[in-house]
Amino acid sequence: MADLAGKKILALVTNRGVEQDELKVPADRLRGAGAQVTVAAPESGDVQTLVGDWDLGEKIPVDTTLAEVTEADFDLLLIPGGTLNADNLRLDADAQRIVTAFTTSGRPVASICHGPWLLVETGLLKGKTLTSYLSIKTDVENSGGTWKDQEVFRCTAEGYTLITSRNPGDLDPFIGAIQDELAQ
């Protein structure tokens with residue numbers, strides 16, 4: 001496991017609808033490797049996670065609101081999936097501001113499952129190759145991206161690194177790719 005001491009990761013979520021394991025598992029493992037993980041949501045309080053987009057999962061505390069985030073303070077942006085989470089994030093002006101700041105500054109973004117919808121909405125997938133949950137393949141392609149069916153894919157085109165995975169079954173290679181990226 002890479003030593004990530006001193007690395008700061010921003011997890012971008014909504015207050016309801018993020019897929020539990022796509023937030024909790026990476027956050028816990030990356031913290032275990034020494035990284036500081038900050039959970040940001042539109043409102044303070046808690047994030048109500050879901051399991052399989054349906055069943056209630058754990059509540060996870062919010063560390064800061066999206067409006068309060070200073071993007072420059074972080075080394076990597078983590079965008080977990082969950083259909084409700086991703087669909088609401090893509091319409092949030094603060095979430096759009098944050099992801100755009102990361103990509104234009106060349107800092108890495110890691111997104112899993114439906115998370116790339118935020119990148120679709122902001123026009124940041126043009127020229128990128130990625131994977132995601134199958135149901136957003138057409139959205140990825142319509143926004144100028146190339147979709148691949150792989151457990152994890154790392155793309156450095158267009159001036160920023162994008163690490164993507166398909167679903168919670170891909171968490172081990174997804175987290176490994178994040179650790180490798182931050183250890184560089």
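**Note on the mixed sheet and its helices**

1. Strands β7 and β8 run parallel and are joined by three bridges. Opposite Leu-77 stands Val-109 of β8. Helices (H or I, at least four residues) and strands (E, at least two) are DSSP runs, numbered from the N terminus. The model is predicted: local features need pLDDT of at least 70, side-chain atom pairs count only at pLDDT 80 or more, and totals for chains, interfaces and linings use all residues. Residues are numbered from 1 along each chain as its sequence is written, and side-chain values use heavy atoms, with hydrogens and water left out.

2. On its other pairing, β7 runs parallel to β1, with three bridges between them. Leu-76 is the bridge partner of Ile-9. Leu-76 and Leu-78 point one way from β7, Leu-77 and Ile-79 the other way. All four are buried (under 20% relative accessible area; exposed is over 50%, partly exposed in between; 1.4 Å probe, protein chains only).

3. Strand β1 also pairs with β3 (residues 36-41): five bridges, parallel. Here Lys-8 stands opposite Gln-36.

4. The whole sheet is open, with seven strands in the order β6-β3-β1-β7-β8-β12-β11 and mixed pairing. Two strands pair if DSSP finds at least two bridges between them. β6 (64-65) and β11 stand at the edges with a single partner strand each, so one side of each has no neighbour in the sheet.

5. Helix α1 lies across β1, β3, β7 and β8, at about 155° to β3. Helix α3 (residues 93-104) packs on the sheet too, touching β1, β7 and β8, and its direction makes about 135° with that of β7. Axes are lines fitted to C-alpha atoms, for helices over the stretch in contact, and angles run from 0 to 180 degrees between N-to-C directions. Contact means heavy atoms within 4.5 Å.

6. Helix α6 (residues 171-183) has 13 residues and should span 18 Å at 1.5 Å a residue; its end C-alpha atoms are 18 Å apart, which agrees. The expected span is 1.5 Å times one less than the number of residues. Its buried residues include Leu-171, Phe-174, Ile-178 and Leu-182. The buried residues of α6 pack against β1, α1, β7, β8, β11 and β12.

7. Two loop residues deserve a check. Most residues other than glycine have a negative phi. Cys-113 has phi near 65°, in the loop between β8 and α4 (117-121). Cys-113 is buried, at 8% relative accessible area. Glu-158 also has phi near 65°, in the loop between β11 and β12. Glu-158 is exposed, at 54%.
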